[in-house]
Amino acid sequence: MTEQSTAAPGDTRKAGFDRRLLPPMMLGSVLNPINSTIVAVALVPIGVAFGAPVAQTAWLVSALYLATALGQPIVGRLIDLFGPRRLFLLSTSLVGIAGVVGTLAPNLGVLIAARVLLGFGTCAGYPAAMALVRSEAERTGQDSPAGVLTTLAVTNQTIAVVGPLLGGLLIGLGGWRSTFALNIPLAVVAVVLGRLRLPEQPHTRTAGRGGLASQVDLPGMGLFAAMLFSLLLFLMNLRAGDWYLPVITVAAAVGFTLRELRAKTPFIDLRVLGGNAPLLATYGRALVAYIVSYAFLYGFTQWTEESYGLSPFHAGLVQIPMFLVGIGVSVTVGRRGGVLGKLLLGGVGQIAACALMLTLTAASPIWAVVLLAVVFGVPQGSNSLALQNSVYVQADPERTGSSAGLLRTFAYMGSMIASSATAASFGERASTEGMHHLAWIMLGAGVLYLFITVVDRSLRRVSVDRAGSSSSPASS
């Protein structure tokens, strides 16, 4: 699925995407989704092991996304400045350490700390992959290597959906601790591949001269972290007693805006970002899309175990149809350059799946549960590819890493809302009534996603061509 080109006589550009980069790119980018999804079927056995209710084990989900949402755009910006190699090696090393801590964790608090470490450790994989795609495209003259982007999307989609099945298998063989131990060999392989195959310097950028402080907007990063941390804490547990958190968020947002507008080398160039309405709309779509996606992944999976009566392994097994359909949809729609059709397909698929989810009860036949997984496979396969391609085309080329990181940040904000909605809907137990309550929330998010897509006229001009050209409202 990679692209190749032929250089003209006298052209100094090298032909073809460097296929040696694909293994570390793919492995690095899936470290986060595999840890995001594999825990879905481990929440119930972990809760039993430590005597913790659903509201407490939900922190295992939230902790990883909180850390990653903070770290992705920051690490992405560092990748833009210093290249992917160093950040990739450092981050993936943290994944291995987190695997050890999680495997040996004596209580839920230490386990949550391991998930935080995993969140920071998986920050570099996706921004590094997108930065490498951009630098290789510039090196070879292929502005938009659609085949490589599709490969990344399909790889992440595969892992995201096969994660629960893998988690169920590992729990059946070695208990829930094996889902953390898996990170140890994955990190070793990622570090080895990164050292052997990632370039010492990016093809098109260097960090420049001067110290770190002269190139990195540390105050801006700090204000951004304060803003996002307080916001996500509030979203994870919505209650009136936490009124001070949105106040802190607003104060940090004001300080962040003032800082970025005055900084010579801003962490996030708000002037450029504010003038890029299509990219902002893509971030908004990512937020609501992942509310639906992760509410299903975590909420529905818990319901199949606690109320429907499936084991962790069988709860993962029923996800296989979603895996197959998702991959098939990604490969099929990846052959088309435009993103509007992909987004519309994903929006309609989300609404249909949520409506079907409302019809299920503990007495429903297993084929109905499988059918729901099949329907959810359509938006899973279509949305992830469309959102990724949109950011690649719409973002400032010099900020590909940080823009890709921000895409993940908005996705994780959606996952935070999904986690909070799941905890609020279920309370102490994942009941059928709670599952239906969650489905209504998901349906509302799905309708909003479709609305944002339909009213965005710029999408008609966003295209990633397999021949290697791209167009967007910003570039056309």
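## Ground rules

Two residues touch, or are in contact, when they have heavy atoms within 4.5 Å of each other. What you're looking at is a predicted model, where local features need pLDDT of at least 70 and side-chain atom pairs count only at pLDDT 80 or more, while totals for chains, interfaces and linings use all residues. Numbering runs from 1 along each chain as its sequence is written, and side-chain values use heavy atoms, with hydrogens and water left out.

## Ser 364

Let's start in a loop. Ser 364 sits between helix 17 (340–357) and helix 18 (366–394); helices here are DSSP runs of H or I, at least four residues, numbered from the N terminus. With a relative accessible area of 12%, Ser 364 counts as buried (under 20% relative accessible area, 1.4 Å probe, protein chains only).

Leaving out residues up to four places away in sequence, Ser 364 touches Tyr 308 and Thr 359. Its side chain also reaches the backbone nitrogen of Thr 361, at 2.8 Å.

## Gly 434

Over in helix 20 (residues 432–455) you'll find Gly 434. Gly 434 is buried too, at a relative accessible area of 2%. Its contacts, again skipping residues up to four places away in sequence, are Ser 425 and Phe 426.

What lies 131 residues from Gly 434 in sequence but 8.7 Å away in space, C-alpha to C-alpha? That's Trp 303.

## The whole chain

Buried residues make up 59% of the 476 in the chain. Of the contacts with a separation of 6 or more, 83% join residues 24 or more positions apart.

Terms used. Helix = DSSP H or I, 4+ residues; strand = E, 2+ residues; numbered from the N terminus. Buried < 20%, exposed > 50% of the residue type's maximum accessible area, 1.4 Å probe, protein only. Polar contact = N/O pair within 3.5 Å; in protein donor to acceptor, adjacent residues only side chain to side chain.
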